[in-house]
Number of protein chains: 2
Amino acid sequence: MTNLFVEKLRGYSPLDEEDVAGLLALTARPRLVKTRHDLIREGDRPGPVFVIMEGWACRYKVLPSGTRQVLAFLMPGDACDLHIGLLAEMDHSIQTITPAQVVTIDRVDMDRLMAQRPAVARAMYIAQLVDEGTMRAWITSMGRRTSIERVAHLMCELYLRARDIAITGEQSLALPLSQVLLADALGMTSVHINRVLKELRVAGAMTLNRGSLEVSDPAKLVRIAGFDDGYLHRRSRTA
Amino acid sequence: MTNLFVEKLRGYSPLDEEDVAGLLALTARPRLVKTRHDLIREGDRPGPVFVIMEGWACRYKVLPSGTRQVLAFLMPGDACDLHIGLLAEMDHSIQTITPAQVVTIDRVDMDRLMAQRPAVARAMYIAQLVDEGTMRAWITSMGRRTSIERVAHLMCELYLRARDIAITGEQSLALPLSQVLLADALGMTSVHINRVLKELRVAGAMTLNRGSLEVSDPAKLVRIAGFDDGYLHRRSRTA
DNA sequence: CGCTCATTTGATCTATTTCAAGTTGTGTGG
DNA sequence: CCACACAACTTGAAATAGATCAAATGAGCG
């Protein structure tokens with residue numbers, strides 16, 4: 001099993017053997033977390049940095065009305081905020097979507113590694129900038145894209161992110177997101193998500209079925225979404 | 001004229017004289033930028049960090065359709081991303097909304113100050129976390145709040161942020177945002193913004209007129225917005 | 001004064017939500 | 001292998017928030 005955290009960071013900055021060794025040492029002991037378990041909750045005092053090694057999770061907020069907004073999807077290799085420990089309380093929660101292998105890294109250890117290994121620090125900072133860019137893309141989606149564009153855009157994003165850590169098939173991806181969850185992420189109703197998915201299927205762009213995304217016509221999907229991968233900052237990649 | 005960048009950072013971490021002296025040295029030479037001028041554009045190679053010392057600006061993206069999404073409002077004391085220089089290109093643009101005094105800080109100088117003055121580094125990191133929290137709040141607004149809640153929520157946010165740098169009046173704030181701009185920020189039409197503003201006015205919660213926000217009934221505004229200031233992480237503040 | 005730009009109002013239209021039933025799929029125990 | 005329970009998905013009809021189109025009003029400015 002390759003270490004997808006390393007894989008992801010390697011995409012942002014070249015890492016030498018010692019960089020990798022340092023990262024492997026910090027991520028050696030993941031623990032298994034079951035589905036729908038809150039890793040941390042809004043209002044909690046943040047602790048160590050954690051990294052999803054396997055499985056999926058999401059950041060979310062619950063509103064007074066009880067509705068929920070998903071703020072980000074975390075896939076293998078993704079981490080929570082680097083400096084999260086500086087805050088008095090979390091302003092959102094993080095929950096697993098599938099069973100997941102999660103590693104927690106002590107702030108001190110992380111700081112030491114970053115001080116000793118500039119390439120690791122660089123990659124971590126870039127990862128954070130990409131997370132921010134992703135949030136901006138989400139704001140843009142919510143504010144100015146139609147529902148079908150929004151769905152298509154999210155699928156493009158997830159597919160590319162997954163490709164960068166090599167967990168995709170030819171034109172497919174294991175995507176364990178229910179329609180309710182997608183609705184909570186995209187500011188829609190699950191009912192409407194369902195109709196939009198059908199529309200995308202009929203259009204021959206993509207199919208989402210039983211936890212699996214099939215991108216039948218990538219060009220069409222990108223066109224529908226108006227997708228521009230700039231915000232993922234993948235430029236230096238070779239793949 | 002107090003230095004509002006220092007004022008803002010002081011809210012996140014106590015700063016001693018030398019911390020402040022270092023910050024003052026880096027922000028001594030602002031330049032005047034006129035209204036509606038792009039400080040940096042999507043696709044540009046990022047340069048030095050810059051800080052708005054006076055006036056307002058916004059981050060935004062333009063979609064293929066020509067519509068625009070405002071991603072954040074920058075008020076005096078606000079800075080662009082700390083590590084922005086690590087990226088190959090900007091994924092969004094930043095434009096002034098009013099004439100503004102803007103300072104650019106060389107990456108090297110900033111890094112040196114942060115290395116020498118841990119309190120400054122701490123405050124800068126917290127500022128970045130607050131920016132992220134703010135983006136999450138915007139995503140939540142766009143996804144799950146009605147238009148009136150969205151407008152009210154944004155006004156609450158701006159008022160509190162402005163209060164932290166002491167540029168507010170009793171229950172008022174100089175807010176140079178046109179209805180078109182607000183529409184671009186909140187994913188609405190300017191026509192609809194107009195109606196919502198009227199509704200808030202009639203409800204006796206707030207009035208936005210000629211660049212001035214009057215919060216006639218703060219409690220009511222907060223109630224309408226369902227506002228919780230947690231994401232601004234102001235807990236340590238005394239004010 | 002006459003121009004321009006921002007705001008306001010009205011009338012119509014449409015995307016999306018809401019509510020309410022079904023249908024399909026999946027795992028479990030008999 | 002079947003029956004049952006439970007979750008996820010699908011579809012239709014009615015209601016509504018917000019967009020769009022069009023036009024009027026008002027303020028600031030050379």
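Start with two helices of chain B and look at how they pass: α4(B) goes by α5(B) in a right-handed crossing. Keep in mind that this is a predicted model.

To see that pair on its own, select residues 118–144 of chain B for α4 and residues 147–164 of chain B for α5. Their axes come within 9 Å and cross at roughly 165°. Angles over 145 degrees count as roughly antiparallel, so that is what α4(B) is to α5(B).

Next, show side chains where the two helices touch. On the α4(B) side, pick Thr134(B), Ala137(B), Trp138(B), Ser141(B), Met142(B) and Arg144(B). Facing them from α5(B) are Glu149(B), Arg150(B), His153(B), Leu154(B) and Glu157(B). Colour this contact by residue class and you get 4 nonpolar, 3 polar and 4 charged.

Now bring chain A back into view. Which residues of chain B lose the most area to chain A? Select Arg136(B), Ile139(B) and Arg144(B): together they make up 20% of what the chain B side buries. Between them, chain B and chain A bury about 4,100 Å², with 64% of it on carbon and sulfur atoms. Each chain puts residues into this contact: 44 from chain B and 44 from chain A.

Last stop: the charged pairs. There are 4 salt bridges between chain B and chain A. For one of the residues you've already picked, zoom in on Arg144(B), whose side chain meets that of Asp184(A) in a salt bridge at 3.0 Å, N to O. Arg144(B) is also among the α4(B) residues that meet α5(B).

Notes. Residues are numbered from 1 along each chain as its sequence is written. Chains are lettered from A and ligands numbered from 1 in the order in which they are written. This is a predicted model: local features need pLDDT of at least 70, side-chain atom pairs count only at pLDDT 80 or more; totals for chains, interfaces and linings use all residues. Side-chain values use heavy atoms; hydrogens and water are left out. Axes are lines fitted to C-alpha atoms, for helices over the stretch in contact, and angles run from 0 to 180 degrees between N-to-C directions. Helices (H or I, at least four residues) and strands (E, at least two) are DSSP runs, numbered from the N terminus. Angles under 35 degrees count as roughly parallel, over 145 as roughly antiparallel, 65 to 115 as roughly perpendicular and the rest as oblique. A crossing is left-handed if the near helix is turned anticlockwise from the far one by less than a right angle, and right-handed if clockwise. Contact means heavy atoms within 4.5 Å. Ala, Val, Leu, Ile, Met, Phe, Trp, Tyr, Cys and Pro count as nonpolar, Asp, Glu, Lys and Arg as charged, and the others, Gly among them, as polar. Buried area is the accessible area (1.4 Å probe) that two parts lose on being put together, summed over both.
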